[in-house]
Amino acid sequence: MKRLAIIGSTGSIGRQTLEVVKDLKNHKVVALSCGHNFSLFRKQLLEYKPDYAAAIRKTEELERDFPEITFFSGAEGIEEMLEAATPDVVVNGASGAIGLRYSLKALEVSRRLCLANKESLVCGGKLLIKRAVEKGAELIPVDSEHSAIFQLMRGKDKPEKIFITASGGALRDYSIEKMYNASLKEVLRHPTWSMGNRITIDSATMVNKGLEVIEAHYLFEYDEEDILTYICKNSLIHGGVIYSDGVIKMHLGKPDMKIPIAYALSYPKRGYHSDYMNIVEMSLMLEEIDYRKYPALELAREITGISSKQIAYNAADEIAVKYFEKGAIHFGEIFKLIKRVVELIPETDPRDFDEIVEIDRYSRELAEKEVAKL
Ligand code: MG
């Protein structure tokens with residue numbers, strides 16, 4: 001049995017990880033942490049009976065009702081939980097830049113980090129990769145596109161280029177003008193994947209694909225221009241690799257996050273069971289991405305490898321999405337805000353976690369100020 005800790009157990013990745021674990025049968029859940037959804041967390045604690053639990057906010061009721069579980073609270077508490085639990089595997093499904101902190105701790109205390117928190121690599125790519133190498137821990141991507149590339153790259157011959165796909169999000173058939181004023185309801189109607197709110201909005205702007213290009217740069221060591229992006233409307237092609245002799249390998253499968261989650265857990269084996277699609281019913285089509293419709297992806301490409309701007313890009317998007325969800329800014333203004341904050345943050349290369357946090361904090365402050373000017 002492998003001892004498993006899940007950060008963000010009540011989120012989309014966390015919930016699906018718990019489902020996958022039931023099928024894999026060789027993982028024991030020893031630690032769970034959640035953000036704010038205490039009613040679901042209570043059910044999870046009851047069902048999985050972990051030895052350790054943590055939440056961002058202190059939860060006296062839960063602590064009273066589960067005296068056999070050791071509780072921790074706050075971001076520091078989540079780190080303490082990981083230290084106490086000494087898991088073999090950590091799934092990091094936290095959202096936001098804070099996730100980097102948990103990723104760094106996971107590489108220290110466990111043998112494998114299954115990474116679903118995008119900000120870990122976007123904000124601290126260099127630091128995280130360095131920590132994984134130092135500690136000899138495995139860093140396995142959970143995101144479907146990166147899992148695809150990871151699976152395709154098992155072997156010695158390095159491809160010339162790699163590619164990842166995007167669905168195009170909920171507004172892909174809108175004109176640029178119509179996109180600008182799209183409502184939250186329209187944006188949340190994702191055509192293929194069922195995911196959390198922020199990532200669904202980020203799919204419509206393609207900020208999500210921008211973050212993924214940056215992640216791929218650190219994970220697989222490619223320059224931005226060798227990481228291609230295409231639209232695959234039905235999300236059946238997740239990614240591919242292209243060799244110098246003209247051979248292209250593609251990774252296909254139904255859009256179901258449980259599959260890459262399970263692979264990250266069971267790698268190098270495949271322990272998960274799922275039915276596969278009838279291949280003759282799969283329409284396999286890739287299309288070019290129009291950057292006039294998705295300027296956020298082009299901007300992400302321009303700043304790939306520049307740490308401070310990557311942090312600013314992510315932070316400004318988090319703030320912009322928050323205001324868009326509240327109905328305070330237009331959909332089209334999300335990009336405007338990100339672009340402005342990215343321009344304002346100077347090019348620097350933070351050396352440690354504290355410097356990353358400081359750039360993140362300053363970027364958020366700038367974003368809040370810029371929202372008021374819109
Ligand atoms: Mg993805």
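Colleague: At 14% relative accessibility, does Met282 count as buried or exposed?
Modeller: The cut-offs are under 20% relative accessible area for buried, over 50% for exposed, and partly exposed in between, with a 1.4 Å probe and protein chains only. Met282 comes out at 14% relative accessibility, so it counts as buried.

Colleague: Before we go on, what pLDDT do side-chain atom pairs need in this model?
Modeller: Residues are numbered from 1 along each chain as its sequence is written, and side-chain values use heavy atoms, with hydrogens and water left out. This is a predicted model, where totals for chains, interfaces and linings use all residues, local features need pLDDT of at least 70, and side-chain atom pairs count only at pLDDT 80 or more.

Colleague: Back to Met282: which residues is it in contact with, leaving aside neighbours within four places in sequence?
Modeller: Met282 sits in the loop between helix 12 and helix 13 (295-303); helices (H or I, at least four residues) and strands (E, at least two) are DSSP runs numbered from the N terminus. Leu252 is 30 residues away in sequence, with 9.5 Å between the two C-alpha atoms. Counting contact as heavy atoms within 4.5 Å, and skipping neighbours within four places, the partners of Met282 are Leu236, Leu252 and Met277.

Colleague: Which protein residues are the donors of the magnesium ion?
Modeller: Donors here are N, O and S atoms within 2.8 Å of the metal (3.2 Å for Na, K and Ca), and sites may look incomplete because water is not among the atoms. Along the chain, the donors follow the spacing D-x1-E-x66-E. At 2.1 to 2.3 Å from the ion, they are Asp143 (OD), Glu145 (OE) and Glu212 (OE).

Colleague: How many residues apart are Glu145 and Glu212, and which helices hold them?
Modeller: Both of these glutamates are buried. Glu145 belongs to helix 7 (residues 144-152) and Glu212 to helix 11 (residues 207-220), so the pair links distant parts of the chain, 67 residues apart.

Colleague: How are helix 7 and helix 11 oriented to each other?
Modeller: Glu145, His146, Ile149 and Phe150 on helix 7 meet Lys209, Glu212, Glu215, Ala216, Leu219 and Phe220 on helix 11. Their axes come within 10 Å and cross at roughly 30°; axes are lines fitted to C-alpha atoms, for helices over the stretch in contact, with angles from 0 to 180 degrees between N-to-C directions. Angles under 35 degrees count as roughly parallel, over 145 as roughly antiparallel, 65 to 115 as roughly perpendicular and the rest as oblique. So helix 7 and helix 11 are roughly parallel.

Colleague: And how are helix 1 and helix 12 oriented?
Modeller: Ile13, Gln16, Thr17, Glu19, Val20, Val21 and Leu24 in helix 1 meet Lys258, Ile261, Ala262, Leu265 and Ser266 in helix 12. Helix 1 (residues 12-24) packs on helix 12 at about 60°, with the axes 9 Å apart. That is why helix 1 and helix 12 are oblique.

Colleague: How many residues of helix 12 are buried?
Modeller: Among the buried ones are Pro260, Tyr263 and Leu265. Helix 12 (residues 258-266) is mostly covered, and the buried count is eight of nine.
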